[in-house]
Amino acid sequence: MTKAWMWIGAAAAGLLANAAPAQEQAEAAAQGTLVVANPRLVEGTMELVATGYTFTEGPAWDGARLIFSDIPGNTVYAYTPAEGAPKVLYTPSANANGHTFDLGGHLLNAEHASGALTRWTPEAGRQVVVEAFEGKHLNSPNDVVVRSDGMIFFTDPPYGLGQRTADIAFSGVFALNEVSGRMVLIDEALARPNGLALAPDETVLYVGDTASQSLWAYDIAADGSASGKRLVIDLTAAGQSGNVDGVRVDSAGLVYLTCPGGICVVDPAQGVLLERMAVPKRATNLAWGGSELSELYITAQSDVYRVKTRARGIGSSSRR
């Protein structure tokens with residue numbers, strides 16, 4: 001499979017070790033590209049691991065398998081690398097989108113059709129975790145992550161409303177304490193909040209806004225409340241297909257996300273785009289997987305891909 005790789009950046013000298021010679025860097029910068037000698041995404045390793053679906057989303061690694069959704073197909077699948085084709089985990093799925101795992105290792109689902117955040121287990125099936133905020137039904141939960149103390153963070157844009165009428169007039173980013181039932185509205189100003197991820201120390205929440213093709217950061221307190229909202233980076237790229245959607249982090253604190261042009265790697269401290277990797281089809285989401293959490297699984301329309309990295313992933317969407 002032919003690979004198209006491009007690394008983008010601006011004024012990143014000193015950020016990357018073993019970078020190209022100064023003249024080459026200057027020439028690349030003038031063209032809007034940055035050549036990286038040792039990129040985190042390993043060139044030539046992308047492979048197709050599953051295909052034939054309608055619209056794949058919600059990848060999450062349970063320690064041995066990749067869980068992912070076919071949203072229009074109303075089905076959640078499990079892919080075990082050594083066993084070949086993915087198998088149905090459960091159906092119907094209420095058009096589930098994003099997935100993650102709670103502290104007990106149980107699957108959490110952001111459901112479009114129901115407008116609910118749910119938990120699914122083989123024994124008990126589907127159970128509603130939350131479906132309303134201040135007495136109003138949620139729009140269509142899109143993606144979800146869990147902090148190490150059990151606090152749940154999720155986004156709620158209107159993509160999956162279908163024929164339902166919105167009760168909530170904004171696209172929210174929420175924190176939920178499941179034990180107390182207390183919900184915190186982190187942000188109601190983003191047009192289309194989508195993927196989200198916590199920094200390694202869990203004090204910062206990153207949220208991708210599809211409408212503006214941008215990545216945002218919030219300082220998160222113990223009770224889930226947020227402060228210090230700030231723009232990390234605008235990833236708009238003229239002529240490039242794809243959207244800011246899924247978001248993940250690695251153990252070094254770098255952010256990996258779908259973006260115009262494929263997959264982007266961002267240094268959030270500097271607000272710099274370090275790498276951009278093309279994907280054969282428009283990427284929708286991504287998740288760490290493999291025995292060392294050093295592989296990225298990428299959902300992309302009808303397909304699921306896997307690419308090797310020189311990084312190690314973290315986050316509640318990946319379990320070892």
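**Figure 1. An open sheet of four strands in the predicted model.** The strands run in the order S7-S8-S9-S10. Their pairing is antiparallel. Strands S7 (96-101) and S10 (125-130) stand at the edges. Each has a single partner strand, so one side of each is left without a neighbour in the sheet. From one strand to the next, the twist averages 30°.

**Figure 2. Pairing of strands S8 and S9.** S8 covers residues 107-111, and S9 covers residues 116-121. The two run antiparallel and are joined by five bridges. Leu107 stands opposite Trp120 of S9. Strands of a sheet pair through backbone hydrogen bonds, either parallel or antiparallel.

**Figure 3. The salt bridge between Lys229 and Asp187.** The structure holds 12 salt bridges. In this one, the closest N and O atoms are 2.9 Å apart. Lys229 belongs to strand S20 (residues 226-234), and Asp187 to strand S16 (residues 183-187). The pair therefore ties together parts that are 42 residues apart in sequence.

**Figure 4. The salt bridge between Arg230 and Asp219.** The side chains meet at 3.1 Å, N to O. Arg230 lies in strand S20, whereas Asp219 lies in strand S19 (residues 214-220). Parts that are 11 residues apart in sequence are therefore tied together by this pair. Arg230 is partly exposed, with a relative accessible area of 33%. Asp219 also counts as partly exposed, at 30% relative accessibility.

**Figure 5. A salt bridge from loop to loop, Glu292 to Arg312.** The N to O distance between the side chains is 3.0 Å. Glu292 sits in the loop between strand S25 (285-289) and strand S26 (295-300). Arg312 sits in the loop between strand S27 (303-308) and strand S28 (313-314). The contact ties together parts that are 20 residues apart in sequence. Glu292 is partly exposed, with a relative accessible area of 41%. Arg312 counts as partly exposed at 32% relative accessibility.

**Figure 6. A salt-bridge network of Asp102, Arg119 and Glu178.** Salt bridges that share partners join these residues into one network.

**Figure 7. The disulfide of Cys259 and Cys264.** A search of the whole structure finds one disulfide. The sulfur atoms of Cys259 and Cys264 are 2.1 Å apart. The link is right-handed, with 85° about the S-S bond. Both cysteines count as buried. Relative accessibility is 2% for Cys259 and 0% for Cys264.

Conventions:
Residues are numbered from 1 along each chain as its sequence is written. This is a predicted model: local features need pLDDT of at least 70, side-chain atom pairs count only at pLDDT 80 or more; totals for chains, interfaces and linings use all residues. Side-chain values use heavy atoms; hydrogens and water are left out. Two strands pair if DSSP finds at least two bridges between them. Axes are lines fitted to C-alpha atoms, for helices over the stretch in contact, and angles run from 0 to 180 degrees between N-to-C directions. A salt bridge is a side-chain nitrogen of Lys or Arg within 4 Å of a carboxyl oxygen of Asp or Glu. Buried means under 20% relative accessible area, exposed over 50%, partly exposed in between (1.4 Å probe, protein chains only). A disulfide is a pair of cysteine sulfur atoms within 2.5 Å.
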